[in-house]
Amino acid sequence: MGTQESRKSQDSDEQGRGAGRRALLGAAMLGAGGAVLGLPATARADGAEPSAQSGGGYRGLPVPTIIAHRGASGYRPEHTLGSYQLALDLGAHVIEQDLVPTKDGHLVCRHENDITGTTDVAAHPEFAARKTTKAVDGVSYTGWFTEDFTLAELKTLRAKERIPGNRQENTLYDGRWEIPTFEEVLRWADKEGRKRGKRIWLHVETKHPSYFRKLGLGLEEPLAKLLRKYDRHKKNAPVFLQSFEPSSIQRLNRLVDSPLVVLLSGAATRPWDFVEAGDPRTVADLVKPDGLGWIASYANGIGPTLDLIIPRDAGGNLTTPTTLVADAHAKGLILHPYTMRNENAFLPANFRRGTDANAYGDAFGAFKVYFDTGIDGIFTDNADTGLLAHADFVND
């Protein structure tokens, strides 16, 4: 289960990627407001395959695919229905959710189980005693954690901007939205899909799965149950399932047929499930041909940090691309690296403009350099910028 697409021949993969680039996959611009609205994905240029929106699977998505990282998190507090809605309205091809559990086993959308910086929990005196210190994947955190709250209790909290120092304008929306459950997101996606006449693609991450399984709050089984309930468990379902722990993806591979992606952090790091299992392999081992072949035996793609695609030098400037894109494609894997953001603080040094870390730099230039490597998609906090860069690239 879950490996059918990854076992296609390299020639077939390359043909599909090339055809995707030749297809008309741009976005429409509204002159008055400058809003970018994504058009439904077209069929392959020769008409031989249906689009992803019409049920053709992830190979029918526009290439490079623009994935809204935590929604439109460059403009709204992340992982809120407001952030997801704006990302969809901007035209994002796929919208990302991160999942953590509540005390009573519900899956909710937060980037971390530590909700200190993304909710107003500190302003709730009734929860003051729940502030605690925990070790999550070997790192100590002090704050409030989703696994110590029931869903009903979490629903009394309101979301807020995670990095107000960088995105002060986003604080305008602090308190506007609550923490959504993943089931609420699935209902929202179905409703929006009916309204728009196309399937809404999601990119769903299991966060700290080994940590939660030890607490009796395994993520994969309740996730698979929801995917089956909302008909997103099949090979061509409009959803990617992703995790930094390969064992979580292997477990999901046994539960559903949805497309699967292994996330990869820095080259010197080890997935936490490897640490716990005593597996000595690092990410540097996993991005070698043998490691990629192992991933391709149960997954359809990888989500590497952008530095694994093009490393940066000591000054933060981009250097020479690695062979990772070609090596992954040779194994039938797609690549969805992360994360592009518009602000200088997050861009490679050679694409920063001016001295204000929070001002926008040359994001379009950086997008083009990454697209030129042949990646299949990219996570971005600014879907509208990514879509314009996508349109430039496919029409160049």
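**Helix pairs, strands and buried loops in a predicted model**

Let me start with a pair of helices: the axes of helix α4, residues 182–196, and helix α6, residues 220–229, come within 11 Å of each other and cross at roughly 20°. That makes α4 roughly parallel to α6, where angles under 35 degrees count as roughly parallel, over 145 as roughly antiparallel, 65 to 115 as roughly perpendicular and the rest as oblique. The axes here are lines fitted to C-alpha atoms, for helices over the stretch in contact, with angles between N-to-C directions running from 0 to 180 degrees. Helices (H or I, at least four residues) and strands (E, at least two) are DSSP runs, numbered from the N terminus.

Residues are numbered from 1 along each chain as its sequence is written, and side-chain values use heavy atoms, with hydrogens and water left out.

Which residues of α4 and α6 meet? From α4 there are F182, E183 and L186, and they meet L223, L226, L227 and K229 in α6, where contact means heavy atoms within 4.5 Å. By class, this contact of α4 with α6 has 5 nonpolar, no polar and 2 charged residues. In that scheme Ala, Val, Leu, Ile, Met, Phe, Trp, Tyr, Cys and Pro count as nonpolar, Asp, Glu, Lys and Arg as charged, and the others, Gly among them, as polar.

A second pair of helices can be described in the same terms. Helix α13, residues 363–371, and helix α14, residues 383–394, pack at an angle of about 55°, with their axes 9 Å apart. That makes α13 oblique to α14, and α13 passes α14 in a right-handed crossing. On the α13 side the contact is made by A363, F364, F367 and F371, and on the α14 side by T385, G386, L388, A389, H390 and F393. Sorted by class, the contact of α13 with α14 has 7 nonpolar, 3 polar and no charged residues.

β3 pairs in the parallel sense with strand β13, residues 377–380, over 4 bridges, and the bridge partner of A68 in β13 is T380. β3 also pairs in the parallel sense with strand β4, residues 94–101, over 2 bridges, and there I67 stands opposite V94. For two strands to pair, DSSP has to find at least two bridges between them.

Strand β11, residues 301–304, has G301 and G303 pointing one way and I302 and P304 the other way, and all are buried. Strand β10, residues 260–264, is joined to β11 by 4 bridges, and the two run parallel; the bridge partner of V261 in β11 is G301. Strand β12, residues 334–335, is joined to β11 by 2 bridges, again running parallel, and the bridge partner of I302 in β12 is L335.

I will end with the loops. In the loop between α8 and α9 we find D279, which counts as buried at 18% relative accessibility, and T282, which counts as buried at 19%. Leaving aside neighbours within four places in sequence, D279 is in contact with R270 and F274, and T282 with A267, A268, T269 and R270. In the loop between β2 and β3 lies V63, which at 8% relative accessibility counts as buried.

Notes. This is a predicted model: local features need pLDDT of at least 70, side-chain atom pairs count only at pLDDT 80 or more; totals for chains, interfaces and linings use all residues. Buried means under 20% relative accessible area, exposed over 50%, partly exposed in between (1.4 Å probe, protein chains only). A crossing is left-handed if the near helix is turned anticlockwise from the far one by less than a right angle, and right-handed if clockwise.
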